[in-house]
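Here are some notes to go with your first look at this one. Keep the structure open while you read, and take the points in order.

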Amino acid sequence: ARLPELLRAMPKAELHIHIEGSLEPELIFALAQRNGLQLPYASVAELRSAYAFCNLQSFLDIYYAGASVLRHEQDFYDLAHAYLARAARDRVLHAEIFFDPQTHTARGVAIETVIDGLHRACAEARTGLGISATLILCFLRHLSEKAAFETLEQAEPLLDKIVGVGLDSSEQGHPPEKFARVFARCRERGLHLVAHAGEEGPPAYIWSALDVLRVERIDHGVQAVHDAALMQRLAHQRIALTVCPLSNQKLCVFPSLAQHNLGRLLDAGLAATVNSDDPAYFGGYINENFTQVFAATGLTARQAYQLAFNSFEASFAGNADKRLWQ
Ligand code: HPA
Ligand code: ZN
């Protein structure tokens with residue numbers, strides 16, 4: 001079979017998807033109408049035309065504005081259900097979904113509204129779509145350690161509905177060690193730990209995510225190539241990187257997709273995976289990330305198999321999830 005067909009048909013796990021980043025302009029307009037909100041854009045086309053970024057911060061400003069139409073439990077359910085139905089078509093068997101509670105609690109939405117809506121969609125996807133889906137609560141790193149602790153406290157009664165915690169938002173100037181104590185607390189709670197590091201930020205942030213936060217995976221991590229000792233460590237310890245090619249292209253992390261370093265990471269023996277990050281904003285879901293980066297950089301069928309294998313190996317899926325896929 002041709003490589004693009006193989007990429008689309010192969011079973012895969014998605015480990016780096018921000019649910020707020022799967023909010024399509026059409027759903028933004030539908031939710032604004034349902035919730036009686038006025039948008040500063042006249043049409044879906046006008047909103048979409050505002051999606052021109054050239055770094056992480058310019059994207060985040062629009063991403064947080066879009067999320068402001070999410071108010072009720074049903075809104076969060078509809079958002080997650082739409083993503084899961086779309087992921088099923090891309091042959092995703094397992095998804096670990098990031099969400100940003102502080103984006104919503106800052107607007108007066110209760111954290112249980114967020115988590116209950118997302119969790120109900122995940123639970124239904126097991127029977128309705130044959131997908132296992134779990135939730136990873138992300139702390140916003142541009143906010144304080146105190147705000148992260150408050151968020152964890154609010155989430156305490158709902159911890160059975162999340163599998164882990166992560167760290168996202170503006171990377172530069174907000175090193176992982178700012179959240180050392182809150183991650184230590186999450187570790188005591190038995191939660192899995194991940195963090196965005198080395199997307200735009202330096203290799204030093206990847207080191208401190210590993211050594212200070214003690215994370216199990218690195219989200220993005222593409223800047224690791226600038227540090228040979230770090231590359232060796234990531235390879236030897238099989239620490240997964242959740243790479244997002246179209247995100248890196250849209251945020252100008254690489255001059256072009258053809259210059260993406262995914263092949264270099266795989267050649268160095270790193271457990272890289274391919275993911276969509278914020279598909280509604282970056283122009284494609286997971287299969288589009290696979291087909292475009294393979295076409296642009298000339299990766300092989302062997303590397304496709306390796307990426308799919310890595311995604312399952314790096315996942316936090318349990319035995320009940322694995323039984324579901326068989
Ligand atoms: N980086 C940091 N924060 C984010 C991202 C990202 O790629 N997407 C959504 N929040
Ligand atoms: Zn991300």
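1. Start with a pair of helices. The axes of helix 5 (residues 73–89) and helix 7 (residues 111–128) come within 7 Å and cross at roughly 35°. The crossing of these two, helix 5 and helix 7, is right-handed. On the helix 5 side the contact uses Glu73, Gln74, Asp75, Phe76, Tyr77, Ala80, His81 and Leu84. Helix 7 brings Thr113, Val114, Asp116, Gly117, Leu118, Arg120, Ala121, Cys122 and Ala125 to that contact. Sorted by class, the contact of helix 5 with helix 7 has 9 nonpolar, 4 polar and 4 charged residues. Do bear in mind, here and below, that you are looking at a predicted model.

2. While you are on helix 5, have a look at Arg86, which sits in that helix. Is Arg86 buried or partly exposed? It counts as partly exposed, because 18 other C-beta atoms lie within 10 Å and a buried residue would need 20 or more. Now find Tyr285: it is 199 residues from Arg86 along the chain, yet the two C-alpha atoms are separated by 8.1 Å.

3. On to another helix pair. The axes of helix 8 (residues 145–155) and helix 9 (residues 180–188) come within 9 Å, crossing at roughly 20°. That angle makes helix 8 roughly parallel to helix 9. As for handedness, the crossing of helix 8 and helix 9 is left-handed. Which residues meet here? From helix 8 there are Glu145, Ala148, Phe149 and Leu152, and from helix 9 Arg181, Val182, Arg185 and Cys186. The residues of this contact between helix 8 and helix 9 divide into 5 nonpolar, no polar and 3 charged.

4. Next, helix 4 (residues 56–66). Its buried residues are Leu56, Phe59, Tyr63 and Gly66. Looking down the axis of helix 4, you will see these buried residues fall within an arc of 90°, so they line one face of the helix. What do the buried residues of helix 4 pack against? Their partners are helix 2 (25–34) and helix 14 (279–282).

5. Now for the loop between helix 2 and helix 3 (44–49), where you will find Gly36. Gly36 counts as exposed, because it has 7 C-beta neighbours inside 10 Å.

6. Setting aside neighbours within four places in sequence, Leu37 is in contact with Ala32 and Val69.

7. Two backbone angles deserve a look. Most residues other than glycine have a negative phi. Arg214 has a positive value, with phi near 60°. You will find Arg214 in the loop between helix 10 (203–211) and strand 6 (217–220). It has 14 C-beta neighbours inside 10 Å, so Arg214 counts as partly exposed.

8. The other angle belongs to Asp277, whose phi is near 65°, again a positive value in a residue other than glycine. Asp277 is in the loop between strand 8 (272–274) and helix 14. Is Asp277 buried or exposed? Asp277 is buried, because 30 other C-beta atoms lie within 10 Å.

9. Last stop: Leu270, in the loop between helix 13 (262–267) and strand 8. Leu270 has 25 C-beta neighbours inside 10 Å, so it counts as buried. Not counting residues up to four places away in sequence, Leu270 touches Leu234, Ala235, Leu241 and Leu265. Ser22 and Leu270, by contrast, are 27 Å apart in space, C-alpha to C-alpha, and 248 residues apart in sequence.

Notes. Residues are numbered from 1 along each chain as its sequence is written. Chains are lettered from A and ligands numbered from 1 in the order in which they are written. This is a predicted model: local features need pLDDT of at least 70, side-chain atom pairs count only at pLDDT 80 or more; totals for chains, interfaces and linings use all residues. A residue is buried if 20 or more other C-beta atoms lie within 10 Å of its own, exposed if 12 or fewer, and partly exposed in between; C-beta atoms are placed from the backbone. Helices (H or I, at least four residues) and strands (E, at least two) are DSSP runs, numbered from the N terminus. The arc is that of the directions from the helix axis to the C-beta atoms. Two residues are in contact if their C-beta atoms, placed from the backbone, lie within 7 Å. Axes are lines fitted to C-alpha atoms, for helices over the stretch in contact, and angles run from 0 to 180 degrees between N-to-C directions. Angles under 35 degrees count as roughly parallel, over 145 as roughly antiparallel, 65 to 115 as roughly perpendicular and the rest as oblique. A crossing is left-handed if the near helix is turned anticlockwise from the far one by less than a right angle, and right-handed if clockwise. Ala, Val, Leu, Ile, Met, Phe, Trp, Tyr, Cys and Pro count as nonpolar, Asp, Glu, Lys and Arg as charged, and the others, Gly among them, as polar.
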